Amino acid sequence: QVQLVESGGGLVQPGGSLRLSCAASRVIFGSYVMGWYRQAPGKQRELVATITSGGSSNYADSVKGRFTISADNAKITVYLQMNSLKPEDTAVYLCNLRLTTIVRMDYWGKGTPVTVSS
């Protein structure tokens, strides 16, 4: 129904920045939440940031003040601007679309790896 493709990951030094993108295969209508998750080796998947169809955003405490989630005007692409990156930010970052208009349905991208290391 909806395909998500992430891009923008890579290798960056501590203190550097990256901008991740998540492109949806079509415009999303109705009520939804778009989110970025990450999963590092040996750790469970954690929520990084979300943005709702109403424009509200939320962040994990570990990234507040450093990461910013946003969406384009067509609501087909979401972004995660990551600044002041730390080694502990190293993980595979995954894009999630949660449709909530009628019932909860989740769609996931395949992920883009981010490595923060000197």
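Modeller: Start with the side chains of strand β1, residues 4-7, which alternate. Leu4 and Glu6 point to one face and are buried. Strands here are DSSP runs of E, at least two residues long, numbered from the N terminus. Buried means under 20% relative accessible area, exposed means over 50%, and partly exposed is in between, with a 1.4 Å probe and protein chains only.

A word on the model: it is predicted, local features need pLDDT of at least 70, side-chain atom pairs count only at pLDDT 80 or more, and totals for chains, interfaces and linings use all residues. Residues are numbered from 1 along each chain as its sequence is written, and side-chain values use heavy atoms, without hydrogens or water.

Stay with Ser7 in β1. Ser7 counts as partly exposed because its relative accessibility is 38%.

Now look across to the partner strand. β1 runs antiparallel to β3, residues 18-24, and four bridges join them. Strands count as paired if DSSP finds at least two bridges between them. Glu6 has Cys22 of β3 as its bridge partner.

Cys22 takes us onward. Cys22 forms a disulfide with Cys95, with the sulfur atoms 2.1 Å apart. Cys22 sits in strand β3 and Cys95 in strand β9, so the link ties together parts that are 73 residues apart in sequence. A disulfide here is a pair of cysteine sulfur atoms within 2.5 Å. One such link turns up in the whole structure. The angle about the S-S bond is -85 degrees, which makes the link of Cys22 and Cys95 left-handed. Both cysteines are buried.

Leu4 belongs to the largest nonpolar core, which has 32 residues. Leu4, Met34, Trp36, Leu80, Met82, Tyr93 and Leu97 touch the most other members. Several strands supply at least two core residues each, among them β3, β4 (32-39), β5 (46-52), β7 (67-71) and β11 (112-116). β9 gives the largest share, five residues. A nonpolar core is a set of buried Ala, Val, Leu, Ile, Met, Phe, Trp, Tyr and Cys residues joined through side-chain atoms within 4.5 Å. In soluble globular proteins, nonpolar side chains tend to be buried together.

Met82 in β8 is the bridge partner of Phe67. β7 and β8 run antiparallel, joined by five bridges. Their hairpin has five residues between the strands, and there Lys75 takes a positive phi near 55 degrees. Val78 also lies in β8. With a relative accessible area of 5%, Val78 is buried.

Past β8 comes the loop between β8 (77-82) and β9 (91-99), which holds Ser84. Ser84 has a positive phi near 50 degrees, although the residue is not glycine. Most residues other than glycine have a negative phi. Ser84 is partly exposed, with a relative accessible area of 40%.

How many salt bridges are there in the count? There are six. A salt bridge is a side-chain nitrogen of Lys or Arg within 4 Å of a carboxyl oxygen of Asp or Glu. One of them joins Asp89 to Arg38, with the closest N and O atoms 2.9 Å apart. Asp89 lies in the loop between β8 and β9 and Arg38 in strand β4, so this pair ties together parts that are 51 residues apart in sequence. Asp89 and Arg38 are both buried.

Other pairs have more open partners. Lys64 meets Asp61 at 3.0 Å between the closest N and O atoms. Lys64 is partly exposed at 48% relative accessibility, whereas Asp61 is exposed at 64% relative accessible area. Asp106 and Arg98 form a salt bridge at 3.1 Å, N to O. Asp106 is partly exposed at 30%, and Arg98 is partly exposed at 23%. Finally, salt bridges with shared partners join Arg38, Glu46, Arg66 and Asp89 into one network.
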